[in-house]
Amino acid sequence: MKKIIIAIDGPAASGKSSTAKLVAEKLGYLHIDTGAMYRAMALKVLRHNVSPENSAAIALLAQQTSVRLISNSRGVQKVKVELDGKEVSEEIRSPKVTNIVSPVSTVPEVRALMVKEQRAMGSEGGIVLEGRDIGTVVFPKAELKIFMLADARERSRRRQKELGEKNVSISVDELEKEILERDRIDSQRSVSPLRKAEDAIELDTTHLSIEEQVEFIVKKAKEIIQ
Ligand code: CDP
């Protein structure tokens with residue numbers, strides 16, 4: 001059977017990760033959370049006390065950094081994120097990392113390294129990648145492209161619930177501010193900004209359940225595979 005590339009892009013907290021993970025499980029595909037890779041780089045910047053605005057220092061640091069996504073196997077996955085050989089899967093979700101990840105992700109040298117790695121992982125197809133620039137830059141020829149959207153308030157509520165489950169308490173107002181600021185930086189940067197690829201299908205998830213989102217994408221994928 002044909003193994004396709006599925007690209008899922010969209011703004012912060014639009015539900016890409018949980019959706020992509022389930023789509024990958026249903027199809028027996030690999031799931032690549034590219035945001036996790038940029039978050040790992042941001043964690044390194046924090047650990048080295050480099051200012052998130054110091055692009056030259058970040059570019060240099062990126063040359064001495066290894067970021068890997070480790071998954072058990074296609075289909076049944078527990079994805080681990082490794083920074084320089086050590087697991088950082090939980091740490092990269094902290095608000096401290098979230099607050100600096102967008103400026104770090106504007107640095108062209110950081111993007112070049114991540115994109116190279118992502119293309120290598122996806123070269124054989126059978127993969128679901130989620131991020132900001134998958135359909136536009138990383139895999140512009142992906143067979144299926146989805147652009148996921150949701151109302152900012154709803155995205156903030158979802159993120160609050162997710163963080164609450166990890167005992168991190170932040171108000172919806174504060175989260176909405178952070179999410180909108182990240183969207184602004186991600187959409188306005190000059191290198192591979194967040195935008196919908198012309199041939200992407202727009203999926204507004206404001207009033208959809210995760211199951212409905214997953215079903216929609218899996219159905220589209222099966223139409224292409226068959
Ligand atoms: O899960 P959430 O929506 O909060 O964000 P994420 O997917 O973990 O991505 C974190 C940040 O990484 C984004 O705000 C972008 O600045 C950056 N990113 C990017 O520049 N390109 C990607 N392909 C994925 C993420």
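Mentor: A polar contact here is a pair of N or O atoms within 3.5 Å; within protein, one must be able to donate a hydrogen and the other to accept it, and residues adjacent in sequence count only if both atoms are side-chain atoms. The model is predicted, so local features need pLDDT of at least 70 and side-chain atom pairs pLDDT 80 or more, while totals for chains, interfaces and linings use all residues. Residues are numbered from 1 along each chain as its sequence is written, and side-chain values use heavy atoms, leaving out hydrogens and water.

Trainee: What lies 2.7 Å from an N or O atom in the side chain of Asp186?

Mentor: An oxygen atom of the ligand. Arg182 also places a polar side-chain atom 2.8 Å from a ligand oxygen.

Trainee: And how much of the ligand does the protein bury?

Mentor: The protein buries 98% of the 530 Å² that the ligand exposes when taken alone. Those areas come from the Shrake-Rupley method with a 1.4 Å probe.

Trainee: Which elements give two or more residues to the shell around the ligand?

Mentor: They are α2 (34–47), α4 (95–104) and α8 (172–188). Helices are DSSP runs (H or I, at least four residues), numbered from the N terminus. The largest share, 4 residues, comes from α2.

Trainee: Changing topic, how do the axes of α2 and α5 meet?

Mentor: The axes of α2 and helix α5 (residues 108–122) come within 11 Å and cross at roughly 145°. Axes are lines fitted to C-alpha atoms over the stretch in contact, with angles from 0 to 180 degrees between N-to-C directions.

Trainee: Which residues of α2 make the contact?

Mentor: Thr34, Met37, Tyr38 and Met41; contact means heavy atoms within 4.5 Å.
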